[in-house]
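Dear colleague,

I am handing over the structure we spoke about, placed just below, and after it I set out what was found. Please read the text with the structure open beside it.

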Amino acid sequence: MTTILHLSDLHFGPGHNAQLAQLILNDIAALNPDMVIISGDFTMRARPHEYEHARDFLQKISKPLLTIPGNHDQPLVPITERLTRAYARYQEYIHPTVDAACARAGIFAIGVNDNRPILPGGFWSRAQREWIETQARAAQKDAVKILATHHQVDWSGMVRPLGFWFPARALQFL
């Protein structure tokens with residue numbers, strides 16, 4: 001049986017519980033998943049020391065790993081950095097790209113950064129939609145295809161609390 005472990009919102013930073021992080025690593029080892037997907041918010045405020053802790057945590061995961069950033073992974077200040085290089089620290093410490101794909105026997109996972117520097121919530125650009133299509137076409141025909149984003153795409157009729165923008169359009173695209 002294939003096992004995929006999905007984590008999100010680890011929020012390394014003030015108040016982070018190192019013992020809890022170790023328990024998560026122990027669970028990953030015990031479950032022995034085929035792939036680990038972490039869909040954003042590695043940090044609280046995208047500070048370098050928070051990213052260092054997140055990187056140290058990730059280096060202890062020996063499984064195929066797919067990561068994408070979350071809205072907390074872009075700095076609040078200075079605003080110029082948020083507007084011009086929102087994910088430079090993520091790319092330095094976690095992964096060189098903000099959109100990523102990972103293949104493992106029978107599994108093809110695509111991670112898409114749905115965050116924007118100013119607007120809360122998520123959406124994909126035209127270039128990202130094209131990239132998703134290209135990646136999906138490259139997957140083995142019989143592979144289970146997974147799409148990971150940081151924000152929940154469908155709120156099932158509930159008021160969207162800073163979640164995904166235009167969910168019907170995103171679901172229609174998929």
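Two strands are said to pair if DSSP finds at least two bridges between them, and helices (H or I, at least four residues) and strands (E, at least two) are DSSP runs, numbered from the N terminus. This is a predicted model, in which local features need pLDDT of at least 70, side-chain atom pairs count only at pLDDT 80 or more, and totals for chains, interfaces and linings use all residues. Residues are numbered from 1 along each chain as its sequence is written, and side-chain values use heavy atoms, with hydrogens and water left out.

As for confidence, pLDDT is the predictor's confidence in each residue, from 0 to 100; its mean for the protein is 90, and 93% of the residues reach 70 or more. Among the elements, helix 4 has the highest mean pLDDT (98), whereas helix 6 (residues 167–173) has the lowest (78).

There is an open sheet of three strands in the order 4-5-6, with mixed pairing. Strand 4 (100–104) and strand 6 (144–148) are at its edges, each with a single partner strand, so one side of each is left without a neighbour in the sheet. Strand 4 and strand 5 (residues 107–111) run antiparallel and are joined by five bridges, with Ala100 opposite Gly111 in strand 5. Helix 5 (residues 126–138) packs on this sheet and touches strand 4, strand 5 and strand 6, and its direction makes about 170 degrees with that of strand 5 (axes are lines fitted to C-alpha atoms, for helices over the stretch in contact, and angles run from 0 to 180 degrees between N-to-C directions; contact means heavy atoms within 4.5 Å).

Another open sheet has three strands in the order 1-2-3, and here the pairing is parallel. Strand 1 and strand 3 (65–68) stand at the edges with a single partner strand each, so one side of each lacks a neighbour in the sheet. Four bridges join strand 1 to strand 2, and Leu5 has Val36 of strand 2 as its bridge partner.

The largest nonpolar core has 23 residues, and those with the most contacts inside it are Ile28, Ile38, Phe57, Ile61 and Ile94. Such a core is a set of buried Ala, Val, Leu, Ile, Met, Phe, Trp, Tyr and Cys residues joined through side-chain atoms within 4.5 Å, where buried means under 20% relative accessible area, exposed over 50%, and partly exposed in between (1.4 Å probe, protein chains only). The elements that give two or more residues to this core are strand 1 (4–7), helix 1 (18–31), strand 2 (35–39), helix 2 (48–58) and helix 4 (88–93).

In helix 2, the buried residues are Glu50, Tyr51, Ala54, Phe57 and Leu58. They cover an arc of only 115 degrees around the axis, which puts them on the same side of helix 2 (the arc is that of the directions from the helix axis to the C-beta atoms). Their cover includes helix 1, strand 2, strand 3 and helix 4.

Some loop residues also deserve a look. A cis peptide bond, with omega about -5 degrees, joins Val77 and Pro78, and Pro78 lies in the loop between strand 3 and helix 3 (79–84). Ala46, in the loop between strand 2 and helix 2, has a positive phi near 60 degrees and is buried, with a relative accessible area of 0%.

With best wishes
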